[in-house]
Amino acid sequence: MTILSRLSTLFLASAMFVGPALSAELRIGLQDDADVLDPAQSRTFVGRIVYTAMCDKLVDVSPELKIVPQLATEWAWSADGTQLTMKLREGVKFHDGTPFNAAAVVATIERNKSLPESRRKSELSSVEKVEATGDYEVTFTLKAPDVTLLAQLSDRAGMIVSPKAAAELGANFGSAPVCAGPFKFVERVQQDRIVLEKFADYWDKDKVFIDKVTYLPIPDTTVRLANLRSGELDMIERLAATDAASVKADESLNYADVVNIGYMALYVNIANGARAENPLGIDKRLRQAFSLAIDREALTQVVYEGTAVGGNQPFPPNSPWFNKDLPVPARDLEKAKALIKEAGFERVPIEMQIPNNPVAAQMMQIVQAMVAEAGFDVSLKTTEFATLLSEQTAGNYQLSRSDWSGRVDPDGNLHQFVTCEGGINDTKYCNPEVDTLLNEARASTDDAVRKQKYDAAGKILNEDLPVIYLGHQSWIWATKKEVTGFVPSPDGMIRLIGVKKG
């Protein structure tokens with residue numbers, strides 16, 4: 001054998017036996033960039049998508065919108081509804097190797113309740129205390145019965161974080177988050193990417209077939225789809241409805257959709273700082289006029305091509321919680337004009353901040369034109385979505401367009417937005433009667449009683465309009481053909497358990 005042939009043989013052998021196996025990487029295009037990666041502090045929808053891969057919760061939500069086990073394996077309520085006892089999964093580790101146990105759950109819940117920057121306080125406001133009643137058992141003692149607590153624990157309030165990392169990093173936990181999900185944090189470049197990799201010690205690792213996940217914020221829906229088609233991405237969320245037909249016809253792509261449980265809305269600055277001193281913030285008649293000037297059905301047909309429905313409540317018209325006594329209003333320009341005149345205006349100036357994605361921009365340009373016919377002069381201020389939410393929180397806005405992804409329990413679509421101390425009450429609307437009704441709805445285990453309370457609160461909110469609801473869209477995803485195992489869910493999350501590539 002010649003030297004050349006021997007070298008060739010050695011090269012082939014090394015390539016075959018020494019080289020690493022190809023890993024499965026999933027690149028997911030998101031509509032927005034996530035905000036801080038701390039379950040206690042965050043509020044963005046895309047942040048929740050990242051957490052779905054990174055941070056297991058006490059309980060999860062099935063595609064049928066049922067509460068199912070995750071870090072808690074079973075649970076039971078006391079007879080009077082004031083105690084919830086949960087049995088915890090054994091053999092679970094956090095990404096830093098520290099063990100998951102009852103003490104870790106207690107530490108996370110107490111952090112969510114006490115961290116100054118926490119947005120979970122109102123979600124856990126019914127919790128008097130949480131105790132480790134065993135190495136793998138916790139008991140929540142409530143101030144009063146709160147049927148919504150389980151649903152809260154299926155979201156960020158129930159994401160258990162490493163007590164070691166939380167103690168070391170404090171409010172800066174989002175710079176290096178440590179949870180107990182199927183993927184662990186690797187790096188983040190703001191406005192560019194979030195990278196996770198498979199956690200080798202995950203408790204359900206046999207169902208994880210992806211080695212690395214990269215989330216890329218791409219606000220432009222056209223660019224997201226182009227990157228999917230070119231192979232730069234493997235999956236995109238919130239495909240534009242206008243592109244649904246072309247994706248369905250593309251043999252290289254998969255299409256999936258499901259009606260969501262959230263809403264699209266406009267938030268009016270009622271009492272959040274100096275910028276609340278604007279006509280809409282001061283006079284509810286102008287808010288009513290603004291709402292009446294919008295043709296919701298036309299809006300959803302034009303922008304979403306029939307995949308969305310018009311709405312005027314935090315619940316879609318097909319929801320059992322929808323108040324049929326408050327039907328979605330038809331456009332009424334004459335009544336809108338009369339209300340504007342009654343409020344002492346001929347033209348009403350207002351600045352509306354909107355997210356920098358094409359679909360939302362198109363929608364709000366149409367709204368801008370619709371309300372102009374009634375007498376509103378709307379100027380649009382486009383901004384990156386995480387910045388928009390930050391401005392809402394700070395009160396640096398007059399009118400702001402933001403979507404809510406929805407929650408399984410109706411309380412999650414309403415309480416934290418409109419109660420006086422609500423964790424995401426950026427309008428700073430405060431009506432003690434609404435607080436009483438929504439707190440009573442939380443305390444009842446009778447759905448009929450709860451429905452009465454939500455209907456009564458809805459009637460007041462429909463009059464005061466701190467939030468002007470526009471409609472309810474579908475979640476739409478597209479993936480490369482080689483991506484299999486993805487199951488769409490009405491909560492809009494991308495669950496990667498069982499997902500394969502290639």
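**Labels and their grounds**

User: Which residues of α10 meet α12?

Analyst: A298, L299, V302, V303 and Y304 of α10 meet V359, Q362, M363, I366, V367 and M370 of α12. Contact here means heavy atoms within 4.5 Å. By class, this contact holds 10 nonpolar residues, 1 polar residue and no charged residues. Nonpolar covers Ala, Val, Leu, Ile, Met, Phe, Trp, Tyr, Cys and Pro; charged covers Asp, Glu, Lys and Arg; the others, Gly among them, are polar.

User: What are the ground rules for these values?

Analyst: This is a predicted model, in which local features need pLDDT of at least 70 and side-chain atom pairs count only at pLDDT 80 or more, while totals for chains, interfaces and linings use all residues. Residues are numbered from 1 along each chain as its sequence is written, and side-chain values use heavy atoms, with hydrogens and water left out.

User: At what angle do α10 and α12 pack?

Analyst: Helix α10 (residues 296-304) and helix α12 (residues 358-372) pack at about 145 degrees, and their axes are 10 Å apart. Axes are lines fitted to C-alpha atoms, for helices over the stretch in contact, and the angle between N-to-C directions runs from 0 to 180 degrees. Helices are DSSP runs of H or I of at least four residues, strands are runs of E of at least two, and both are numbered from the N terminus. The crossing of α10 past α12 is right-handed. That word applies if the near helix is turned clockwise from the far one by less than a right angle, and left-handed applies if anticlockwise.

User: Why is the link of C55 to C179 called a disulfide?

Analyst: A disulfide is a pair of cysteine sulfur atoms within 2.5 Å. The S to S distance of C55 and C179 is 2.1 Å, so the pair meets the cut-off. The link is right-handed, with 55 degrees about the S-S bond. C55 sits in the loop between α2 (45-54) and β2 (59-61), C179 in the loop between α5 (163-169) and β8 (183-189), and the two are 124 residues apart.

User: What makes C55 count as buried?

Analyst: Buried means under 20% relative accessible area, exposed means over 50%, and partly exposed lies in between (1.4 Å probe, protein chains only). C55 has 2% relative accessibility and therefore counts as buried. C179, at 0%, is buried as well.

User: How many disulfides does the structure hold?

Analyst: It holds 2. The sulfur atoms of C420 and C430 are 1.9 Å apart, so this pair is also a disulfide. The torsion about its S-S bond is about 90 degrees, so it is right-handed. Both C420 and C430 lie in the loop between α14 (415-418) and α15 (432-443), so the pair ties together parts that are 10 residues apart in sequence. C430 has a relative accessible area of 47%, hence the label partly exposed. With the bonded cysteines numbered in sequence order, the pairing is 1-2, 3-4.

User: What makes S402 buried?

Analyst: S402 lies in strand β17 (residues 399-404). Its relative accessibility is 4%, which means that it counts as buried. Leaving aside neighbours within four places in sequence, S402 is in contact with M264, A265, Y267, F385, L388, L389 and Q392.

User: Is V378 buried or exposed?

Analyst: V378, in strand β16 (residues 376-383), has 8% relative accessibility and so counts as buried. Not counting residues up to four places away in sequence, V378 touches F290, I350, M352, Q368 and V371.

User: Why is S23 called exposed?

Analyst: The relative accessible area of S23 is 55%, which is over 50%, so S23 is exposed. S23 is found in the loop between α1 (3-17) and β1 (25-30).

User: What is the phi of L65?

Analyst: L65 has a positive phi of about 65 degrees although it is not a glycine. L65 lies in the loop between β2 and β3 (67-69) and is partly exposed at 27%. E305, also not a glycine, has a positive phi of about 50 degrees. E305 is placed in the loop between α10 and β14 (309-310) and is partly exposed at 48%.
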